[in-house]
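Trainee: I would like to take a close look at a single part of this model. Please keep the answer connected.

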Amino acid sequence: MSDMTKTELVLRRDRAVVLCGLGVITALAWWWVLVGAGTGMSTIAMTTWAFPPPIRPAMVVSWNLDYAIVMFLMWWIMMIAMMTPSAAPMVLLYARVHRHAYKLGQRESAVAPTLSFAFGYLLAWGMFSVIATGLQWALEHVGLLHAMMMWSLNPFLTAAILIFAGVYQLTPLKHACLEHCRSPVAFLSTHFRSGAVGALRLGWIHGLYCLGCCWVLMGLLFAGGIMNLVWIAGLSIFVLVEKLAPAGQWVARFSGAGMIAFGCWIILKVIGTGT
């Protein structure tokens, strides 16, 4: 009876435990970003309100395995900081569904494998971070990305990123993935799996949908600055609004049109000034 009482107590408090855990993970990730994400550079120095960002002389940084790992961790931890808040409703709902199933005797564990679900979700963003790191290296290698400031040095690249992101915001794929992220109940009712392995797989699938929704938005960091706090915070808020606000689908559409218009304006400005 004592053991059952302890178990029920844990189950009743699991929402608070999950919220606390997600809050700690997010806070630690943001702290790591704010202190430079292991790059040895000042995040404040890499932050600017100007857009397009100031054009500065290109710098060459020699990439080795250690530096590549630092860049990967920079991306992944930054994605954790930016995306965990918007994933919280899905994680909390998963914990609630598992708790209810346990009470009905349909699950083998008293404690929902919520950590496995969250880790599966973050693994998907780890995959994105590998690709983003490779793209960062390539853009630096050809002189289109400042190696220290980590922002675009070419206005045509900046415009192209904006226009591509804007077009993607209007595509059916974007809105299908966004609708999934905005409808966690439908996702869990269709894909729910028991156990830690099932939770890991479920989190991975949800992460892939989230990637389909937001990967191009994260690509905007190449234009505004990978470690530019203005863009990191701004995109974090934007993702939250898209996923949680009642008019999130329309926010995506209007923002897409705005990105296309802004990208075209940059091109016309460059052509007009001849710079």
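How much space lies in the largest pocket, and which residues line it?

Mentor: This is a predicted model, in which local features need pLDDT of at least 70 and side-chain atom pairs count only at pLDDT 80 or more, while totals for chains, interfaces and linings use all residues. Residues are numbered from 1 along each chain as its sequence is written, and side-chain values use heavy atoms, with hydrogens and water left out.

The largest pocket holds about 330 Å³ of space. A pocket here is an open set of points on a 1 Å grid over the protein atoms alone, where a 1.4 Å probe fits, with protein on both sides within 12 Å along at least five of seven lines; lining residues have an atom within 4 Å of a point. Of its 16 lining residues, Phe128, Leu135, Trp215, Gly219 and Phe222 are the closest to the centre. H4, helix H5 (155-169) and H8 each give two or more residues to this lining, and H4 supplies the largest share, six residues. Helices are DSSP runs (H or I, at least four residues), numbered from the N terminus. By class, the lining has 15 nonpolar residues, one polar and no charged; Ala, Val, Leu, Ile, Met, Phe, Trp, Tyr, Cys and Pro count as nonpolar, Asp, Glu, Lys and Arg as charged, and the others, Gly among them, as polar.

Trp215 also pairs with Phe164: their ring centres are 6.0 Å apart and their planes at 65 degrees, so the pair is edge-to-face (centres within 6.5 Å, planes over 60 degrees apart). Phe164 lies in helix H5 and Trp215 in helix H8, so the pair ties together parts 51 residues apart in sequence.

Terms used
Grid points are joined across faces, edges and corners, and a volume is the space filled by probe spheres set on the points. Rings of Phe, Tyr and Trp (its six-membered ring) pair if their centres lie within 6.5 Å; planes under 30 degrees apart count as stacked, over 60 as edge-to-face and the rest as tilted.
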